[in-house]
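Please go through the interfaces in this structure with me, one question at a time.

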Amino acid sequence: MAPLKIEVSGLGYAVGGVEILKSVDAGMQGGEITAVVGPSGAGKSTLLRAINRLIEPSSGEVYLDGRPTSALDPLELRRRVGMVFQIPAVFGDSVEEAVLYGVRLSGKNADPGRLLEMVGLDASLAGRDPQSLSVGQQQRVTMARTLALEPEALLLDEPTSALDEAARRRIEELVGDLNARLGLTMVFVSHDLVQVERVADRVIVLAEGRSVGAWDKEDFFSGAGERARQFIAGRL
Amino acid sequence: MADLQTLGPALLTLGLVAVAVVLSLYEKLDLEKDIGVAVVRSFLQLAAIGYVINFIFGLKNIGAVVLLLAGMVLFAAWTSARRAGDVPRAFLVAAVAVGAAAVATLGLLLTLRIVPATARYLIPLGGMVIGNSMNAASLTMTRIRDDVAEQRPKVEAALALGATSRQAVAPILRTALQRALIPLIDATKTTGLIFLPGAMVGMIIAGADPLEAVRLQIVVLYMLLGSVSIAAILVGTLSYRAFFTPRHQLRRAPPSTE
């Protein structure tokens, strides 16, 4: 199966009279890691939630391989486009239960040991209380439970911002590794340009609810993206 | 029928309220105003309901009883909805839940001929069912509202894994129902050992046979367990939907609570 292509067109989102997204156009190529960067309040997390329709856009559309997501069953959409959040919210009495939560909802099963190893955790952790794990390990558990659904794309909302430097680097490596091994299309929100340079293939810049531009990583971190980088650096 | 003038000596028990007021003043609890309001309101409300019940007893008309109970359900729903603040459609949810609890339990008691269809039984029993169901409704609604706000990340994470709204909110619903039911379950377990329920105390003091008082008390306890469970479960099932869209999205919290 060819990697999933995500396109966002004229996307807007308002809540309580406040426009969080005004108009966002963006393309995420299949199998690539696209970083979404921008000052805080730019609408980065909101954009991710609109892509898997955890929120309903007020205008515009998101397309998966050219098909509008408004026509898809939202539960099916979320299984195809998985999401990893900033702060891991792990539930269940054991790591195994936590990892299999989503799979079991759809009446299926999976091998928890294999999933844990996929995210670099020891399979022997399966019986542990997830709350006894470090935050970095918990974040891996949330990645494992998302991967259990065999998604075609992964939305990562600042997945390392709650982690220390070492754990952060390990998650970055894992993201790169999963992208290479599974051919997953990934959208990675980050406020750390150094991290973006390590992880991303492409960069999309948002500001005040609008898409400002998109660059290949090499261009963004050379002369072409200079102004955008200075703009973000000055606003972080 | 004794009229209210014979209440004179009973009002001397206000001396006990004075103890509470003094305590409040002395310890700066800032409750004396509330105590005053409670005393006046309870006096006026009880006096009024006494006259109303007396009047309805005189009518010997079951329609008047039903009307009074319906009024009590609406007032209970209003009180519960006010308590539940910004839960959308709280009044409707509470009215349906409390009303269903009253109809189901009183209906069963009447159908099985456990109590006769007279005002003397239906009004006090209905009052108990409605009052307790109202408390359960308020507790369940406020709990769900607070937990959905507090556990947003968990609920959203579950939705992101393909959970329906119902599945995502299931742990919250479970806790809310437990919280609403446990006090009554515990009170039922310990009844007769630790405290004698009000209805039974009243009957014994009024000179009824203690065994007859027990018989009625058992009816009351089981009726309350049933009605409170019905009210809590209905409130849970009806109110959680207000926090989600039909497309299994958490509604954004209104600006006032953010």
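The questions below concern a predicted model and take its interfaces in turn.

Me: Which residues of domain 1 of chain B lose the most area to domain 2 of chain B?

Reply: Chain B is divided into domain 1 (1-59) and domain 2 (61-257). Their contact takes 6 residues from domain 1 of chain B and 7 residues from domain 2 of chain B. On the domain 1 side, three residues together account for 72% of what that side buries: B:I56, B:F57 and B:L59.

Me: How many salt bridges does the rule find across the interface of domain 1 of chain B and domain 2 of chain B?

Reply: The area buried between the two domains is about 610 Å², and carbon and sulfur atoms give 82% of that area. The rule finds 1 residue pair in polar contact across this interface. The domain 1 side that touches domain 2 has 6 nonpolar residues, no polar and no charged. A salt bridge needs a Lys or Arg on one side and an Asp or Glu on the other, so with no charged residue on the domain 1 side the number of salt bridges is 0.

Me: Which residue of chain A forms a salt bridge with B:R247?

Reply: The count between chain B and chain A is 2 salt bridges. In the one formed by B:R247, the closest N and O atoms are 3.2 Å apart. The partner is A:E56.

Me: Which element gives the largest share of the side of chain B that touches chain A?

Reply: On chain B, 18 residues are in contact with 26 residues of chain A. Across this interface the rule finds 8 residue pairs in polar contact. The elements of chain B giving two or more residues to that side are helix 7 (152-160) and helix 8 (165-190). The largest share, 7 residues, comes from helix 7 of chain B.

Key
Residues are numbered from 1 along each chain as its sequence is written. Chains are lettered from A and ligands numbered from 1 in the order in which they are written. This is a predicted model: local features need pLDDT of at least 70, side-chain atom pairs count only at pLDDT 80 or more; totals for chains, interfaces and linings use all residues. Side-chain values use heavy atoms; hydrogens and water are left out. Domain bounds come from an automatic or database domain assignment. Contact means heavy atoms within 4.5 Å. Buried area is the accessible area (1.4 Å probe) that two parts lose on being put together, summed over both. A salt bridge is a side-chain nitrogen of Lys or Arg within 4 Å of a carboxyl oxygen of Asp or Glu. A polar contact is a pair of N or O atoms within 3.5 Å; within protein, one must be able to donate a hydrogen and the other to accept it, and residues adjacent in sequence count only if both atoms are side-chain atoms. Ala, Val, Leu, Ile, Met, Phe, Trp, Tyr, Cys and Pro count as nonpolar, Asp, Glu, Lys and Arg as charged, and the others, Gly among them, as polar. Helices (H or I, at least four residues) and strands (E, at least two) are DSSP runs, numbered from the N terminus.
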